Amino acid sequence: MKPEWIARQSSRPRGWLGQIVARVMSYETIQVNRIALDELEVGAGESVLDVGCGHGRTLAALEREGKAGFVAGIDPSEVMVSLASRRLHKAMGRGRAEIQHTESSRIPYEDGRFDAALAVHVLYFWPDPAADLAEIRRVLRPGGRLLLGYRPDDAAARAALPSSVYALRSTAEVEKLLLAAGFDSVHTHVHPLGEAPFACARAEVLAA
Ligand SMILES: C[S@@+](CC[C@H](N)C(=O)[O-])C[C@H]1O[C@@H](n2cnc3c(N)ncnc32)[C@H](O)[C@@H]1O
């Protein structure tokens, strides 16, 4: 079982300990974020929002690939915002990236601003996931999509992650939440990845 103090840091890194947890996390989640980006299928010139962008490594990878026209990240942890901003400072200087210090319950962009969004390993920490998902849905254009990546509820996940911090959900529960939040269709693909399966729910908004 992950100690509760590390779990709390993973949910929102703070202080000097948060700096260490953030750096470890930036390596630990490379593989799942690669999978999420592949499933998101970002097209040329698209605008992409990373919700709970953390350290910014995923946005930086996307930016380096040169396909996206604009990338943005939001995160409520000052430690994460500062790391992500350092990582993306060149792209930010060119107006190709933005990092904002905020939560997904109030995304500081207008309706329909993004073509695509991703949120990896963030779902567990939302006190009201339906509201946060509806807010993400709001900033997606007609025809846009969200890639929600998470570890689904199972016995191994419950044994590994303290329930005081991680609200685990089954893939069926998550699909229901996404549809309730206003997405028009959802398809989930679970990647086995050894003992820690990774679910990718691709939720789409109908084109106008
Ligand atoms: C486990 S980390 C995952 C970071 C990154 N997405 C990754 O895959 O490496 C969870 C991140 O979600 C952020 N977070 C927690 N609550 C959030 C909220 N309500 N809205 C947006 N981000 C949140 C945390 O600050 C942290 O950076």
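**Close-up views of a predicted model**

View 1. Seven strands form an open sheet in the order β3-β2-β1-β4-β5-β7-β6, and the pairing is mixed. The edges belong to β3 and β6 (185–191); each has a single partner strand, so one side of each is left without a neighbour in the sheet. On average, neighbouring strands here are turned by 15° against each other, direction ignored. Before zooming in: this is a predicted model, where local features need pLDDT of at least 70 and side-chain atom pairs count only at pLDDT 80 or more, while totals for chains, interfaces and linings use all residues. Residue numbers start from 1 along each chain as its sequence is written. Helices (H or I, at least four residues) and strands (E, at least two) are DSSP runs, numbered from the N terminus. Two strands pair if DSSP finds at least two bridges between them. Axes are lines fitted to C-alpha atoms, for helices over the stretch in contact, and angles run from 0 to 180 degrees between N-to-C directions.

View 2. To find your place, look for valine 186, which sits opposite alanine 203 in β7.

**View 3. Strand β1 and its two partners.** On one side, β1 (residues 47–51) pairs with β2 in the parallel sense over five bridges. It also pairs with β4, again in the parallel sense, over three bridges. Aspartate 50 is a handy landmark: it stands opposite glycine 73 in β2, and its bridge partner in β4 is leucine 118. Five of the five residues of β1 are buried, so the strand is largely enclosed by the rest of the structure. A residue is buried if 20 or more other C-beta atoms lie within 10 Å of its own, exposed if 12 or fewer, and partly exposed in between, with C-beta atoms placed from the backbone. Both faces are covered, with Ser47, Leu49 and Val51 buried on one side and Val48 and Asp50 buried on the other.

**View 4. Strand β2 and the crossover into it.** Five of the six residues of β2 (residues 70–75) are buried, so this strand too is largely enclosed by the rest of the structure. Together β1, helix α4 (residues 57–65) and β2 make a right-handed β-α-β unit (with the strands pointing away from the viewer, the path from the first strand over the helix to the second runs clockwise). β2 also pairs with strand β3 (residues 97–101), in the parallel sense and over five bridges. Aspartate 75 faces histidine 101 of β3 across that pairing.

**View 5. Leucine 62 on helix α4.** Leucine 62 belongs to helix α4 and counts as buried, because 23 C-beta neighbours lie inside 10 Å. Skipping neighbours within four places in sequence, leucine 62 is in contact with Leu37, Val42, Val48, Ala68 and Val71 (contact means C-beta atoms, placed from the backbone, within 7 Å).

**View 6. Helix α5 against the sheet.** Helix α5 (residues 78–87) packs on the sheet and touches β2 and β3, its direction making about 165° with that of β3. Its buried residues are Val79, Met80, Val81, Leu83, Ala84 and Arg87. Their cover includes α2 (15–28), α4, β2 and β3.

**View 7. The shell around the ligand.** The ligand is surrounded by 21 residues, the closest being Thr29, Gly52, Gly54, Ser77 and Ser104 (near means a C-beta atom, placed from the backbone, within 6 Å). α1 (4–11) and β2 each supply at least two residues of this shell. By type, the shell divides into nine nonpolar, nine polar and three charged residues. Ala, Val, Leu, Ile, Met, Phe, Trp, Tyr, Cys and Pro count as nonpolar, Asp, Glu, Lys and Arg as charged, and the others, Gly among them, as polar.

**View 8. Glutamine 9 on helix α1.** Glutamine 9 is placed in helix α1 and is buried, with 23 other C-beta atoms within 10 Å. Not counting residues up to four places away in sequence, it touches Arg14, Leu17, Gly18 and Val21.

**View 9. Two loop residues with positive phi.** Most residues other than glycine have a negative phi. Glutamate 41, in the loop between α3 (30–40) and β1, has a positive phi of about 50°. Histidine 121, in the loop between β4 (114–120) and α7 (129–138), has a positive phi near 55°. Glutamate 41 counts as exposed, with 12 C-beta neighbours inside 10 Å, whereas histidine 121 counts as buried, with 21.

Notes:
Two residues are in contact if their C-beta atoms, placed from the backbone, lie within 7 Å.
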